[in-house]
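Please open the model in your viewer and keep the selection tool at hand.

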Amino acid sequence: MDNIEMLQSYWWLLIAVLGAALVFLLFVQGGQTMLYCKNSFEERQMMVNSLGRKWELTFTTLVVFGGAFFASFPLFYSTSFGGAYWLWMLILLSFVVQAFSYEFRRKRGNLYGTRVYDFFLLFNGVVGCVLLGVAVGMFFFGGEFTVARDNILDPASPVISRWAPTHGLEAIASWENLLLGFTVFFLARTLGAMYFINNIGGDAGFARRMRRHVLVSGLLFAVLFVTFVVVLLLRSGYRADFGGEFIHEPNIYLHNLLGMWWLAAIFLVAVLAVLYGIFRTAFNAGWRCGIWWAGFGVAAVIVVLFLIAGYGGTAYLPSTVDPQSSLTIANSSSSLFTLRTMSYVSVLIPFVLAYIAYVWAKMNATPITEAELRDEPHQY
């Protein structure tokens, strides 16, 4: 792997896979938004205990996702994380309060009671999902920033990237970013309800309510997702030519999707898998595998969206104020040496995924019930 273009494409694919894993694992956040949806105290305890076994996976994947960007595409890291920091600080705050909520929610001497920590879990579920969707929306709809690489040689002003004075808050005001944000939110709720059906056994009434959540949130997700896809495919963007100059191109994402026909085929199959998981879960009272069908479909859709955003010289973070400052995987990547060295380390990823799958299977060997909850040595 000595070709830098091949390595750039390879690492963008890995980031796409990490992004797909992160979006799938947002079922934890989606589940947290349903704690007070007409659930009894015992049911709420089972839900929190079930999610408490998995929340670290989402948090860890978010950290690894950011770390992979820092190592492979540092200019994006410094531009987005360093420029739109108010947006990212709100996202990180929501995940920090989630972490100490699971840690302190049921500890002795808790002066605040469980309701305060349950509110923090709700905050993470709503704010974390919506703002992550907003942040990813900037991959397609752009941000207000400029890049001046020559500044690195200026001791008086060594800052390469400069963002708008609102530092990312303006992205929350964009209806296109919010469209993706609420799409992610209702997707997370749909996956969360599917996860509860798969992981919590016992009361049939609880399962019926979760299936209603799957149907309602799933339909809202489907409507928002179709709207987002239509908006995206009709969206214009910027593509870098051989000289590195950016050229405006109408319907750029539609062209990318049709130009890489295998991605279009994967996208179609993945969407059908998600819809199959939603509707069979909603209408088949004995079926509990919807989380895997929908989870596979969601992961594949996210990978396709990342690839059409970054491959083919497409600006995966377009600048809305200076198109020539837009970022591509070519102009924002690390050096050949760094990418090559990290590629050797990346061979460990399958082993890490295998370990996660093994631990997941062990934790899910027995569905959580009220009886198991009473015997649980540590309740969240």
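Predicted model: local features only at pLDDT ≥ 70, side-chain atom pairs only at ≥ 80, totals over all residues.

**Stop 1: helix H1.** Select residues 4–25, which form helix H1.

**Stop 2: helices H4 and H6.** Select residues 55–72 for H4 and residues 85–104 for H6. The two axes come within 11 Å and cross at roughly 150°. Angles over 145 degrees count as roughly antiparallel, and H4 and H6 are therefore roughly antiparallel to each other. The crossing of H4 past H6 is left-handed. To view the contact, show the side chains of Trp-55, Thr-58, Phe-59 and Leu-62 in H4. On the H6 side, they meet Leu-92, Phe-95, Val-96, Gln-98, Ala-99 and Tyr-102. Of the residues in this contact, eight are nonpolar, two are polar and none is charged.

**Stop 3: His-167.** Select His-167, in the loop between strand E2 (161–163) and helix H8 (169–172). Most residues other than glycine have a negative phi.

**Stop 4: helices H9 and H10.** Select residues 175–199 for H9 and residues 204–233 for H10. Their axes come within 8 Å and cross at roughly 155°. H9 and H10 are therefore roughly antiparallel to each other. H9 passes H10 in a left-handed crossing. The contact between H9 and H10 comprises 20 nonpolar, six polar and three charged residues.

**Stop 5: Asn-251.** Select Asn-251, found in the loop between strand E4 (246–249) and H11. Asn-251 is not a glycine, yet its phi is positive, at about 50°.

**Stop 6: helices H11 and H12.** Finally, select residues 252–259 for H11 and residues 261–283 for H12. Are these helices parallel or perpendicular? Their axes come within 4 Å and cross at roughly 95°, which makes H11 roughly perpendicular to H12. In the contact, Leu-257, Leu-258 and Gly-259 of H11 meet Trp-261, Trp-262, Leu-263 and Ala-264 of H12. Six of the contact residues are nonpolar, one is polar and none is charged.

Key
Residues numbered from 1 in each chain as written. Heavy atoms only, no water. Axes fitted to C-alpha atoms, helices over the stretch in contact; angles between N-to-C directions. Helix = DSSP H or I, 4+ residues; strand = E, 2+ residues; numbered from the N terminus. Parallel < 35°, antiparallel > 145°, perpendicular 65-115°, else oblique. Left-handed = near helix turned anticlockwise from the far one by under 90°. Contact = heavy atoms within 4.5 Å. Nonpolar A, V, L, I, M, F, W, Y, C, P; charged D, E, K, R; others polar. Expected span 1.5 Å × (residues − 1).
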